[in-house]
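Subject: Structure handover

Hello,

I am passing a structure on to you. Please have a look at it first; my notes follow below.

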Amino acid sequence: MSGVYADDLEVGRVYQLDSYTLTEDEIVEFAKTWDPQIFHVDKAAAEAGAYGGLIASGLHTLSIYQRLAVAGSFGEWNVIAGKRFSDVQFLRPVRPGDTLTGTLVIDAVDIDPRGRALVTTTAELVNDRGAAVLSVTVDAYVRTRPTG
């Protein structure tokens with residue numbers, strides 16, 4: 001088990017997330033498997049389309065958020081399981097070469113009598129130009145400190 005229990009989490013605490021840079025090859029490979037739309041997988045077609053070039057799948061962006069959140073906070077917490085992603089907003093396209101970083105904020109820690117708490121967080125990812133690309137709310141169950 002990790003060292004941080006729900007009892008240790010403070011509402012309002014802000015976690016700075018690390019950064020992640022996307023490559024063109026990674027965007028195309030992810031999309032070929034999980035979201036094979038033309039503006040994710042075909043550079044020439046994407047350049048002629050509405051976005052003027054390849055863009056990452058929103059699912060790819062959300063996956064990058066999850067990786068950064070685990071590395072920056074969730075990986076230290078005694079997480080039981082995620083419950084819900086909500087209010088997911090893809091705010092602008094993510095392109096090859098973009099470096100994403102962001103913040104995660106604890107909004108609520110609701111302890112119940114079963115040795116756990118429902119922890120609600122909100123997060124935002126921004127690109128290297130400071131423009132927001134993703135916002136999301138996440139609910140996860142986290143163990144409380146054992147008694148006895």
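Start with Glu24, which is partly exposed, with a relative accessible area of 31%. Please keep in mind that this is a predicted model. The side chain of Glu24 forms a salt bridge with that of Lys43, at 3.5 Å from N to O. This pair links distant parts of the chain: Glu24 sits in helix α1 (residues 24-34) and Lys43 in helix α3 (residues 43-48), 19 residues apart. Lys43 is partly exposed as well, with a relative accessible area of 40%.

Now the overall picture. The protein has 148 residues, and 41% of them count as buried. There are 4 helices and 5 strands. Along the sequence they run β-α-α-α-α-β-β-β-β. The C-alpha atoms fill a box of roughly 65 × 30 × 25 Å along the principal axes. Take the contacts between residues at least 6 apart in sequence: 70% of them join residues at least 24 apart. The accessible surface is about 7800 Å², and carbon and sulfur atoms account for 50% of it.

UniProt has an unreviewed entry that lists residues 11-108 as "domain: MaoC-like". Over that stretch the chain is 37% helix and 31% strand. Its end C-alpha atoms are 6 Å apart.

Next, the charges. The protein carries 13 positive and 20 negative side chains. The centres of the two sets lie 4 Å apart. The count of salt bridges comes to 8.

Two more of these pairs deserve a look. Asp139 forms a salt bridge with Arg84, with the closest N and O atoms 2.8 Å apart. Asp139 is in strand β5 and Arg84 in strand β2, so the pair ties together parts that are 55 residues apart in sequence. Asp139 is buried, at 5% relative accessibility. Arg84 is partly exposed, at 38%.

The other pair is Asp98 and Arg129, whose side chains meet at 3.2 Å, N to O. Asp98 lies in the loop between β2 and β3 (99-112), Arg129 in the loop between β4 (116-126) and β5, 31 residues apart. Asp98 is buried at 3% relative accessibility, whereas Arg129 is exposed at 57%. Asp128 joins Asp98 and Arg129 in a network of salt bridges.

Last, two single residues. Thr137 is in strand β5 (residues 132-143). It is buried, with a relative accessible area of 16%. Beyond its sequence neighbours within four places, its contacts include Arg84, Phe85 and Thr121. Trp77 sits in the loop between α4 (58-72) and β2 (79-90). Trp77 is buried too, at 4%.

Best wishes

Technical notes:
Residues are numbered from 1 along each chain as its sequence is written. This is a predicted model: local features need pLDDT of at least 70, side-chain atom pairs count only at pLDDT 80 or more; totals for chains, interfaces and linings use all residues. Side-chain values use heavy atoms; hydrogens and water are left out. UniProt positions are given in the numbering used here, feature names are shortened, and annotations may be inferred rather than shown by experiment. Helices (H or I, at least four residues) and strands (E, at least two) are DSSP runs, numbered from the N terminus. Buried means under 20% relative accessible area, exposed over 50%, partly exposed in between (1.4 Å probe, protein chains only). Contact means heavy atoms within 4.5 Å. Accessible areas come from the Shrake-Rupley method with a 1.4 Å probe; for residues, only the protein chains shown count as cover. Lys and Arg count as positive and Asp and Glu as negative; His and the chain ends are not counted. The place of a charge is taken as NZ of Lys, CZ of Arg, CG of Asp or CD of Glu. A salt bridge is a side-chain nitrogen of Lys or Arg within 4 Å of a carboxyl oxygen of Asp or Glu.
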